[in-house]
Amino acid sequence: MRIMAPAGDVLCMEAAIRAGADEVYMGIAGFGARRFAKNFSVREYCEAVQEAHRFGVAVNVTLNTIFSNEEIVGLRESLEILYAAGTDAVIVQDLGFAHFLRTHFPDWPIHASTQLSIASCEEARWAQEQGFSRLVLARELSLEEIAEIRKETTAELEVFASGALCIACSGKCYLSSFIGGRSGNRGMCTQPCRQKYRKKGDIQERFWLSSCDQWQTGKEIRRLREIGVEVIKLEGRMKSPAYVWEAVRYYRNVLDGAEKPTEIAKLFNRGYSLGYLYEHDPDFLNPAFSSAWGVPLGRVERGGVRLDGAVCHGDGIVFLDADLQKIEGQNVSKIVHVKSGERVSEAKKGEHVHFGKRIPPTTVWVYKTFDYRLNRRIETDLKNTRRQRPAQAFLTTKIGEPLALELSCSGVGVTCFSEEKLEKSQKKRETEESLAEALNRLGESPFALMPGGTKIVMDAEVFVPRSVLNHLRQRAVEDLEKKLAENAQRLPKTLGEVKIPGEESEKVPLPQISAAVTTLEQAEVCRECGLAKIYQLRPPVHFAENDFPTPDFPMARLAGSLDDAIRWTHEKKPFALDWMFNVGNSWTIAYLRQTFPTAEVLFLSPELSGATVENLASNHPRKNLGLVVYGYLYGMYTRKTLFKETRISLVNQDGRPVVVTRNAAGENRGETTGSRVYYGKPQNLLPIAEALPVGELRLDFTLESPEEVREILKQASFLWSEKRETTSRPALSAMLPILQKKGFSYGLEKGIF
């Protein structure tokens, strides 16, 4: 089992390598799911790849976002450079971009990002068939579900073991777009799950959508290894080098059979849990705080703080009220015993102290947010720890011949010869032990001779000058480093002009009108109002318990998950792909149409701008494209049940509304699994619907009562009226300003994507 560590910058990469990571994952500036990490320029990336490869550490580039046509074209030169530099693999979310890579770089391994939310055996088999060599599984899976997937695929499996745990299924969170105008699927998440929310009618704000981080112990890691998981992944490209060191070091010790306690909570702590490994609906929400609050230090008592742990100069502390809400913080530069007035540089558990400043009146708890001594210890460990690769040496010393040294590592070897020929010793004879000791002086090189890895063939009376041996050893190390670096690199590949795929786009004067519903009552109203095409909204991630029953009257099929699309394609049944497939570029449209030939309509993402919609519609048959023109759209889809209530309204700290509903596993069974989070205002493109250049316009009904559905359909009835225009349709660009005055839209007029 290997450890995949995060590297948000060079210092974090160095910490990961020295701590014992087998692989690192890093982004390039402007791309990847953590655009706000420091990341690397392409030049810096190539230097980092070379440095990591010195120590036998693989580097995986994170290009795991949804791309536009222009971005894929613009990535051409960067991809050529990263490929030639020997970057080991590409982590991808966008299915069209993955197909682009397979076409142009067929020998470059591609990993399916957790953003694809692969959560079933069928999806795992399909992803392997599509050419993904490694699957980073959905973070919501249990040990049993991971074991089932392992049985069904030979692709490598990667599972998150630690770090931030998104409350939404990865790749299926749009709340950042809807609330903040920045897309999580574009690497610019505003983290709405970490914001405060207030329940309707309530005064108190809490972090109702914030989950604890996950931290798997040795027990879980050993079980994952037994299952056959090849890689454990650690989250943290936005975290410090100290955090990366401590996390990697802990799991390195676990895998080496020497598990030791970790102080990770002192470096970053918003609560820790075991995630979903043991149950699909665990209790891991932390409504008290969503950022790093550190660890409890003590409680206010009679003008001071009664300590529950040690504190010293240089520590950082924060004062919290009874509800663990932050009042203020400070760095500790003064510690005074309350009773004696004695000033000290450190205090221990149980002592009663103050910190030289007035304690805020409403303070109840004090937490330590920065541990000075721990960070100094990690700095020292980082400085003193060397990473070396096991190497073997074969030294030949024969009188009258040059000294010969063969040095090898990871199956790659070099042989060097001295310029001088060896002579007979006139004094003391050489010993194998002394020669072996001299060979093992590899200094700051990335190599260390493994036990039993040195073989020496020597004449009994040979004399080996140490200057000659030292020089030969240095040359061999340099040659081996160079050869290993060359072996990791690839022959340059030039793509030439990158052409955007497309087909002739015909005009669709009268787009088809459809509806998608969540209840049978909503479906009945749609039928009564004359809609011939009615879909049932299905979950965007397929878990065993969320397969909803089929209504007792014919409905059109709408694939919410990959599992739906795979199954219906095998059954050769017509269906549509919902917008959670994140269609945002021409490569994805072309790929999905080819891969799922019975998918008659691809609904475009609501994150797209009007310009992008027009661009895609001009390159592809419009009859195959669709848009949702009305509806409360998913902001999040979660496997965790957020509230016991069937439906609850929240308002965020900026006054924006959110509605959370509880999923029912079966309408008559009453079981629950997970929640759906909707932005509290519906998307409304009806004022410009006639200008939308697609073949199908869809109205989504989720939170609406049958009466509300009927009223909305009445307002939208002009779309399927016999009197509607068939000759000319207004340009979308000319109609977009209307959205600023009427209704509500997420992307079309704002240009999120």
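Me: How many of the six residues of strand S3 (residues 58-63) are buried?
Reply: The model discussed here is predicted. In it, strand S3 is mostly covered. Ala58, Asn60 and Thr62 point one way from S3 and are buried, and Val59, Val61 and Leu63, which point the other way, are buried as well. The number of buried residues in S3 is six.

Me: Which residue of S3 is the bridge partner of Glu23?
Reply: Strand S2 (residues 23-26) runs parallel to S3, and four bridges join the two strands. Within S3, the residue that partners Glu23 is Ala58.

Me: Which residue in S4 does Leu63 stand opposite?
Reply: S3 also pairs with strand S4 (residues 89-92), in the parallel sense and over four bridges. The residue of S4 that stands opposite Leu63 is Val92.

Me: Is Arg302 buried or exposed?
Reply: Arg302 lies in the loop between strand S13 (295-301) and strand S14 (304-307). Although Arg302 is not a glycine, its phi is positive, at about 45 degrees. Exposed means over 50% relative accessible area. Because its relative accessible area is 63%, Arg302 is classed as exposed.

Me: Why does Gln191 count as partly exposed, and at what relative accessibility?
Reply: Gln191 is placed in the loop between helix H8 (175-180) and strand S8 (197-199). Its phi is near 55 degrees, a positive value in a residue other than glycine. Buried means under 20% relative accessible area and exposed over 50%, with partly exposed in between. Gln191 therefore counts as partly exposed, with a relative accessibility of 41%.

Conventions: Residues numbered from 1 in each chain as written. Predicted model: local features only at pLDDT ≥ 70, side-chain atom pairs only at ≥ 80, totals over all residues. Heavy atoms only, no water. Buried < 20%, exposed > 50% of the residue type's maximum accessible area, 1.4 Å probe, protein only. Pairing = 2+ DSSP bridges.
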